[in-house]
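User: I'd like to go through this one by asking what stands behind each label. Can you set the values against the cut-offs as we go?

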Amino acid sequence: MDAAHRPKLRTAFKKGRVVAPLHTAGPVAITPDGSRLVTCVGEDALLTDIKAGVEICRFSGDTESITSLCITPSSSHLLIFTSSLSLRIYEIPSSFTPQTKPIKPVRVIARAHDAPVHVCKSDPTSTYLASGSADGVVKVWDIHRGYVTHLFKGHGGVVSALAFNYPFDPSSVVREQKMQLITASVDTRIRIFDLSAAAARASGGSKPEAVLEGHVSVPRGLDVSPDGKWLVSGGRDSVVLIWDISSKASSVQKSNKGKGRAAEFSPVLHKTIPVLERVEAVGLLHPDEDLAGAPSGPGKLRFYTGGERGLVRIWDARDGNVLFTLGQEQGDTTEDQEEQRQIVDAIYVPSTSTIVSVHADQNILFHSLSTQTLSRQFIGFNDEIIDATFLSPYLPVQASAASSQLSDTHVALATNSSLIRVYSTSSLDARLISGHSEIVLCLDHGAQGRVLASGSKDRSARIWAPVRPQASGGETDAQTVPEWRCVAVCEGHAESVGAIAMSRQAFSGDSPSTSGSGGDNLRFMFTGSQDRTIKMWDLSSVPLAADDEGAHAVKCKSLTTHKAHDKDINSLDVAPNDRLLVSGSQDRTAKVWEIEYVATGTGVRGELRLVGTCKGHKRGVWCVRFGKAERVLATGSGDKTVKLWSLDDFTCVKTFEGHTNSVLRVDFINAGMQMVSSASDGLVKLWNVRDETCAATMDNHEDKVWALAISSDESTIVSGAADSVVTFWKDCTEEQQVEEETQRAELVLKEQDFANYLALHDYRNAILLAISMAQPGRLHSLFSSLPSSADADTDTDASMRTPSISITGHPAVDEVLRTLPGADLARLLRYVRDWNANARTSVVAQRVLHAIVKLRPAEDLARAFDEEAALNVVVAGGTEGAVAPSEGRGATALKEIVDALIPYTERHLTRMEKLLQDSYVVEHLLSEMDDGMFGELGDDDEDADAFAMDVDRSVAVSV
């Protein structure tokens, strides 16, 4: 490849979107505006932006499973009951910005009930909370103050449903002050309690106004019409009862107040509607709800039910007929599958005309009432992710996948299930594809992502195609997940199909068979099985799209069958030119086959011929991939290595080592100059082929990364692991290079400014700049040069000024240390702590520390660390819900600094004292040496002096 046209090496991938477990078990709630969803993952509650599919925040739990939760109608508070019998009240953040820190509860009531709470509901005013426990006790709580306002006993077992009744008549000028709580329990009875203060005093606070008997099994759903007249109840006895609970004034006023009140309120069973399935959720639709094909109006009474069949049915309460059904009824399903797909809860959102159904298999479906279609689907838990591949269901036949905006808009996942998941790459919206009867083991795409192929443990392979969109005036959104239908079935293997590969030339834009008398042609497909054989299938009659009215799937014909390996076949791949096939097996070899595919007017003929075997791995081969630009082959093995083989002589030319466990997937990017691999160590690695080095390591998984898919433009890598997490890695090489270049330019400018400040003796700006640049070395050199510069200044200007006394060596630096801002002072103290640990830099550290202690009070030092902690909180983006650091945190940080300074300072002091003592010894030795060596010479001198004086004196006398 020409160096001028050689693509640049990619060096960095950042974590983009993450598809993590959304709902594992427990209750689900949705805000009244339909924008946010609360689900349970383990012991924590999760708040998710429904439209964007992004996790907003987590609510910290108490390490116990959540038994019940609800959101207030004002969307201000989330109320959670856990297995520890506690009630935890959280404030829901109003912002949609994702938060990293978990939300702490604003109030915790340690033992709210004596038994687990399975149902709770907030009243329409967001003031009160009703909770029903397993011991038959119902409590009404004041949410803001956290105390019990009402206590109702007498339920014969577990409380199964709750509903508030605040009647509102739009035609009335004055709102009727009536507050009722309706409860249902395992004893099949429905009780109505009056929450008004007068009624509570009259009845002793615990007796119900009325007890409704009509169900023969536990009621699971209750709802009241806005005008307070109708009550609908549904239960596991497969019936829905319509009750008239409107107040009826008695014609005769009795003297006995109790009897008069009893006659005044007497609910009546209005209608019994058999629904022929166990009802787990029931609710009334808003009178003004606009249903397609069904007129709306104040006189209409319609309700919905959800139950064991996994369908939401909309009923006309007056006629007892089903208006329409939301969801698809699955045929030929096993008992386990039916149990998994049943509805455990259904939530009506009037603001968006949506019914949200929660299923036993942790799937959450959003049904639109206006269009009667499935508008969105969230998959709560994916289990182990085994394989993944990109799809382009809306890509036109004439378009190229590499250049079109409609390519790689979806990704298909094979999990530990018979259902294939198809996700939109921009949201959490997904669809389930059913057809296999056992676990799906492998996936591949054909025709540039327009069709999907899957191999399963049920010994068959299937071809899936998107359903053709119905002709409509508007354009189909590319991110909408289409429905997929099985268009072809390949049966013939004796064991499970664990590897699959489709033709790479079909509809690639340069295939000669994309047009002709045969019409659309997918050419061929290969499957590898545990029966150690490879089969070649004819796909010439398989269509590119499926009809909405599911036609029968094509039975594909096997063109050839070869016993290829001595053990299970793990991987297959077809060369970009459709001329070669490679197979990887547990027998530690990879075999290369030549493909012969001839399509004539009379039929199709296909054959395989072995051309070479790649031997060298010490463990089984998990993955094989052809190079996209050169005649090479990559294999990933259980021996923790990736090997690169030449297709000319089938020898190993390079070996890549770096993973600490089995390499499960490998693929080429960047015109074959780089490779991507995933392994059982939970890592995804990017390799440079030329120098056999690891360019980047991507870590976001905690288990084996079985799935690896690369988009056609190679800008996105998708990895899926056994920890049920799918990660979208985005190429950020250019962004990183631009950022590094910007930082380098800023650093050069700052270094020049630092040098200018030093030349101008502007020590304040120099010190602040060195601290902001986080360069303690420059700061140390500045402080160490101060005494010499101060001496030079003193010598130079001695005649002009008198030198001032300075602690650090220069008065200006003393002033800087005295007025240094708090956060900068804290950083400087940390640098001093580090300098103090080294004998060479300890002198400067002691001088600066001495200046700080002399010039600043102790309160300033503790306050400095408080300011630094507050600044770190702001920089980290934790302003939402973050608590300002307390004063004690600064004192604690200061104590840690002092504790680190004291031992080294004592050591330096001991060393200096020892040096001082040694200096005394040296001085003593020198003095002794002076007296001993020069003592005689000194005596002679004294005699000579005395003699000279005598001579002088004698001379003087003689004169």
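Analyst: In this predicted model, residues 24 or more positions apart account for 54% of the chain's contacts with a separation of 6 or more, a contact being heavy atoms within 4.5 Å. The chain has 959 residues, and 49% of them count as buried. Local features here need pLDDT of at least 70, side-chain atom pairs count only at pLDDT 80 or more, and totals for chains, interfaces and linings use all residues. Numbering starts from 1 along each chain as its sequence is written, and side-chain values use heavy atoms, with hydrogens and water left out.

User: How many helices and strands does the chain have?

Analyst: There are 13 helices and 57 strands. They are DSSP runs numbered from the N terminus: H or I with at least four residues for helices, E with at least two for strands.

User: Why is Arg421 called buried?

Analyst: Buried means under 20% relative accessible area, exposed means over 50%, and partly exposed is in between (1.4 Å probe, protein chains only). Arg421 is at 7%, so it counts as buried. Arg421 sits in strand β32 (residues 420–424), and its contacts beyond four places in sequence include Ile379, Phe381, Val411 and Leu432. The C-alpha atoms of Arg421 and Leu432 are separated by 4.9 Å, with the two residues 11 apart along the chain.

User: What makes the pairing of the Arg421 and Thr415 side chains a polar contact?

Analyst: The distance is 3.1 Å. The definition asks for a pair of N or O atoms within 3.5 Å; within protein, one must be able to donate a hydrogen and the other to accept it, and residues adjacent in sequence count only if both atoms are side-chain atoms. The Arg421 side chain also reaches the backbone oxygen of Leu419 at 3.3 Å.

User: Is Thr188 buried or exposed?

Analyst: Thr188 counts as buried, because its relative accessibility is 18%. Thr188 is in the loop between β15 (180–185) and β16 (189–194). A polar atom of the Thr188 side chain lies 3.5 Å from the backbone oxygen of His215.

User: What makes Arg588 partly exposed?

Analyst: Arg588 has a relative accessible area of 44%, so it is partly exposed. Arg588 is in the loop between β44 (580–585) and β45 (589–599), and has a positive phi of about 75° although it is not a glycine. Asp408 also has a positive phi, near 55°, but Asp408 is buried because its relative accessible area is 16%.

User: How do you know that α9 is largely enclosed by the rest of the structure?

Analyst: Of its 15 residues, 11 are buried, so α9 is largely enclosed. Among them are Leu825, Leu828, Tyr831 and Trp835.

User: What describes the packing of α9 and α10?

Analyst: Two packed helices are described by the angle between their axes and the distance between the axes. For α9 (residues 822–836) and α10 (residues 842–855), the angle is about 145° and the axes are 8 Å apart. Axes are lines fitted to C-alpha atoms, for helices over the stretch in contact, and angles run from 0 to 180 degrees between N-to-C directions. The contact includes Leu825, Leu829 and Trp835 of α9 and Val844, Val848 and Ile852 of α10.
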